[in-house]
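Hi everyone, thanks for coming along. I'd like to walk you through one model today, so let's bring it up on the screen.

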Number of protein chains: 2
Amino acid sequence: MGRGKKAITIQDVARTAGVSVSTVSRVLNDKDDVAPETYEKVRDVIREMGYTSSLAARSMRSRRTNVIGLIMPDVGDPFSVQVMRGVNRAITEMGYDLILYTSSSHRWPTTAERERHYVSLLNGSIVDGTIIVTPAATSFSTSAPVVAIDPNTISPDCSSVISTNHAGALAAVEHLISQGHRRIGFISGRPDLQSSQRRLDGYQDALRAAGLPVEQELSVTGDYTRETGFRCARELLSLPEPPTAVFAANDQSAFGVIEAAEEMGLRIPDDLSVVGFDNVPEAAYSNPALTTVDQFIESMGHIGTEILVDLIEGRASDVTHHKIATQLVVRDSCRPVAHSSSAAQQVTV
Amino acid sequence: MGRGKKAITIQDVARTAGVSVSTVSRVLNDKDDVAPETYEKVRDVIREMGYTSSLAARSMRSRRTNVIGLIMPDVGDPFSVQVMRGVNRAITEMGYDLILYTSSSHRWPTTAERERHYVSLLNGSIVDGTIIVTPAATSFSTSAPVVAIDPNTISPDCSSVISTNHAGALAAVEHLISQGHRRIGFISGRPDLQSSQRRLDGYQDALRAAGLPVEQELSVTGDYTRETGFRCARELLSLPEPPTAVFAANDQSAFGVIEAAEEMGLRIPDDLSVVGFDNVPEAAYSNPALTTVDQFIESMGHIGTEILVDLIEGRASDVTHHKIATQLVVRDSCRPVAHSSSAAQQVTV
DNA sequence: CTGTTAGCGCCTTCAC
DNA sequence: GTGAAGGCGCTAACAG
């Protein structure tokens with residue numbers, strides 16, 4: 001609707017209802033010491049005028065807005081979207097509103113600075129607390145609580161939610177090994193994230209446990225994006241002796257691997273086995289359906305929100321680091337190496 | 001980081017810089033009447049203290065926050081995500097910040113009421129204007145401008161961005177007809193949206209133009225979701241005389257159709273041709289790759305933002321309704337009916 | 001029960 | 001070029 005219509009304030013409501021602003025405020029905040037008839041009358045006026053109290057003014061007076069902030073690195077990537085779903089479900093249950101903050105990355109030199117800017121912008125202003133997904137920053141100066149989903153390696157002194165990345169990676173690589181794969185490539189995630197580091201450890205530990213060599217050339221550094229997964233896969237598959245299987249640190253990277261393999265004329269799983277990590281919804285729909293490690297991302301968002309609300313409402317005060325158990329999900333992107341064409345290849349060599 | 005740390009205010013900055021708050025305010029807003037040395041000093045103090053002005057207080061005084069709001073029906077659905085990408089790119093270019101508002105749906109009886117709540121909550125408060133995606137509400141009482149992406153049928157008196165839905169649907173169905181399909185099913189979208197209505201019109205007009213009958217049973221009402229697409233497809237394919245092709249009003253529905261077809265043992269495109277609408281990124285990755293109508297969703301978000309910013313900055317005052325041209329994208333989910341098994345079926349009947 | 005009085009943190013005249 | 005005062009819309013004491 002058009003311009004010029006000045007927003008109606010609590011004053012307008014008070015005037016037309018014939019009461020004082022404080023009475024309206026009381027009704028707004030459901031204080032009990034208001035006469036039923038007055039309450040009704042004010043409620044009616046509020047409804048009729050379509051009045052909504054100004055978030056800005058409200059948050060300036062009371063230290064509670066019932067709004068929580070969510071800061072994510074990139075809207076649109078499946079991981080973040082899943083976290084958001086969990087957060088959204090949680091706030092619904094707990095009676096909060098959600099504000100997602102995002103911004104022009106180019107105005108800030110580094111992601112970390114950008115994040116810090118948002119946190120201080122939101123926190124102690126219009127938001128009671130903030131959830132930050134895969135943070136690059138390691139500390140925040142703010143009066144309101146912050147919880148990190150998939151935190152940085154520099155363990156921040158804020159609460160966090162993370163999954164059992166090491167165990168998950170172990171399970172994924174063991175699965176591959178049990179299928180007879182000996183040359184297993186690895187594409188890591190964003191190096192600054194705990195999850196990435198732990199998955200690399202898991203990969204290497206699985207190899208060692210099976211008595212396999214940990215070869216440098218089979219392990220390349222990615223950043224959890226599809227594009228990088230694609231590039232890294234090309235690199236791995238162009239090796240003189242390419243891997244027969246690739247463990248990608250997340251599903252996005254795994255999709256990149258599949259794309260690269262297809263482009264190079266390799267069939268999955270016949271010529272190359274691929275395992276991802278995350279179990280984003282797309283993993284089930286991809287072709288072939290992706291074998292991956294479920295880390296219950298939605299739950300991570302949900303639990304993170306619960307922790308945050310506990311902090312906000314004073315039910316908790318310590319920093320907590322919640323761990324979520326992962327689970328291997330076997331689908332169609334892997335098969336025993338014996339039947340793969342690489343085996344045939346070995347014969348010819 | 002921890003609790004208790006009271007947020008630092010402009011007063012703190014003023015005190016430690018040895019100037020008055022108004023001087024700090026001037027520096028903050030880049031007013032020119034500040035002595036260079038004072039400016040430098042204040043800037044330094046601000047940086048050192050890590051001060052960020054309170055969004056709440058700021059937006060209460062000045063009618064400009066450089067933040068625009070985005071309200072979408074469901075975070076996570078590909079259409080909304082694409083719009084968000086476009087909006088995000090636009091605000092980056094124009095130096096704005098973005099706040100996405102979402103909330104507990106159960107607290108509000110209808111989507112429309114919820115939307116109105118957000119608009120009045122954000123607008124005239126912490127946001128200079130709002131973009132609303134596929135709105136259910138038809139009007140908003142607010143002082144700040146609003147632009148709708150894919151607006152409601154009740155043409156709202158706010159600016160909007162929409163694509164040439166009729167032409168797009170026409171092209172899609174003509175494509176199917178040119179391949180020999182005569183029984184073409186249609187799954188509509190959310191009935192309250194202009195886009196859905198126009199796509200239905202396009203479907204019917206294409207049929208009529210080709211001299212084909214418009215049969216009631218071949219046209220079912222969906223709501224742009226994958227689940228409903230799935231249900232509708234089962235319905236269509238269970239008909240005594242099922243269609244040989246289905247035009248789904250959007251890609252999500254089309255994915256549902258593909259899923260349903262597979263579950264019923266039909267192969268795509270051999271046994272059933274499918275066309276979608278939107279050309280979301282997933283359409284290219286699906287199996288088979290989906291033939292669809294591109295409506296350049298990201299551009300819709302980008303252009304919508306440009307319109308909004310023009311409104312905010314006073315460069316425009318009229319409501320504008322921007323149209324984006326659609327384009328048919330042929331991929332692998334359709335094939336001429338002559339080779340399909342339905343043709344064989346006709347022989348046996 | 002309800003109205004009056006102070007500000008919350010900031011920006012904007014208006015003096016100096 | 002800079003400071004002081006007023007008020008944005010609202011809530012939280014206090015009075016009555």
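Which residues come nearest to DNA strand C? Before I answer, please keep in mind that what you see is a predicted model. There are 26 residues around DNA strand C, and those that come nearest are A:Ser22, A:Ala35, B:Thr9, B:Ile10 and B:Arg61. As for elements, α2 and α4 of chain A give two or more residues each to this surface, together with α1 (10-17), α2 and α4 of chain B. By class, the surface near DNA strand C divides into 10 nonpolar, 12 polar and 4 charged residues.

Now over to the other strand. DNA strand D is surrounded by 25 residues, and the closest are A:Ile10, A:Ser22, A:Ser25, A:Arg61 and B:Ser22. Here the elements giving two or more residues are α1 (10-17), α2 (21-28) and α4 (55-61) of chain A, along with α2 (21-28) and α4 of chain B. The surface near DNA strand D has 9 nonpolar, 12 polar and 4 charged residues.

Next, the two protein chains. Their contact takes 51 residues from chain B and 50 residues from chain A. On the chain B side, α4 (55-61), α5 (78-94), β2 (97-103) and α6 (111-122) each supply at least two residues. Which of the elements gives the most to that side? That is β2(B), with 7 residues. The residues on the side of chain B that touches chain A divide into 20 nonpolar, 25 polar and 6 charged.

Let's stay with chain B and look at a sheet. Four strands form an open sheet with parallel pairing, in the order β7-β6-β8-β9. Why do β7 (219-220) and β9 (273-275) of chain B each have one side without a neighbour in the sheet? They stand at the edges with a single partner strand each, so there is nothing in the sheet beyond them on one side.

Strand β6 (residues 184-187) of chain B is joined to β7(B) by 2 bridges, and B:Phe186 stands opposite B:Ser219 in β7(B). Towards β8(B), β6(B) has 4 bridges, again running parallel, and there B:Ile184 stands opposite B:Ala245.

In a regular strand, side chains alternate between the two faces of the sheet. In β6(B), B:Ile184 and B:Phe186 point one way, B:Gly185 and B:Ile187 point the other way, and all are buried.

Helix α9 (residues 226-237) lies across β6, β7 and β8 (245-248), running at about 150° to β6(B). Helix α10 (residues 251-263) lies across β6, β8 and β9, at about 150° to β8(B).

Finally, a look at α9 in chain A. With 12 residues (226-237) at 1.5 Å a residue, this helix should span 16 Å, and its end C-alpha atoms are 16 Å apart, which agrees. Its buried residues are A:Arg226, A:Thr228, A:Gly229, A:Phe230, A:Cys232, A:Ala233 and A:Leu236. What covers them? The cover includes β6 (184-187), β7 (219-220), β8 (245-248) and α10 (251-263) of chain A.

That's my tour, and I'm happy to go back to any part of it.

Note on methods
Residues numbered from 1 in each chain as written. Chains lettered and ligands numbered in written order. Predicted model: local features only at pLDDT ≥ 70, side-chain atom pairs only at ≥ 80, totals over all residues. Expected span 1.5 Å × (residues − 1). Buried ≥ 20, exposed ≤ 12 C-beta atoms within 10 Å, placed from the backbone. Contact = placed C-beta atoms within 7 Å. Nonpolar A, V, L, I, M, F, W, Y, C, P; charged D, E, K, R; others polar. Pairing = 2+ DSSP bridges. Axes fitted to C-alpha atoms, helices over the stretch in contact; angles between N-to-C directions. Near = placed C-beta within 6 Å.
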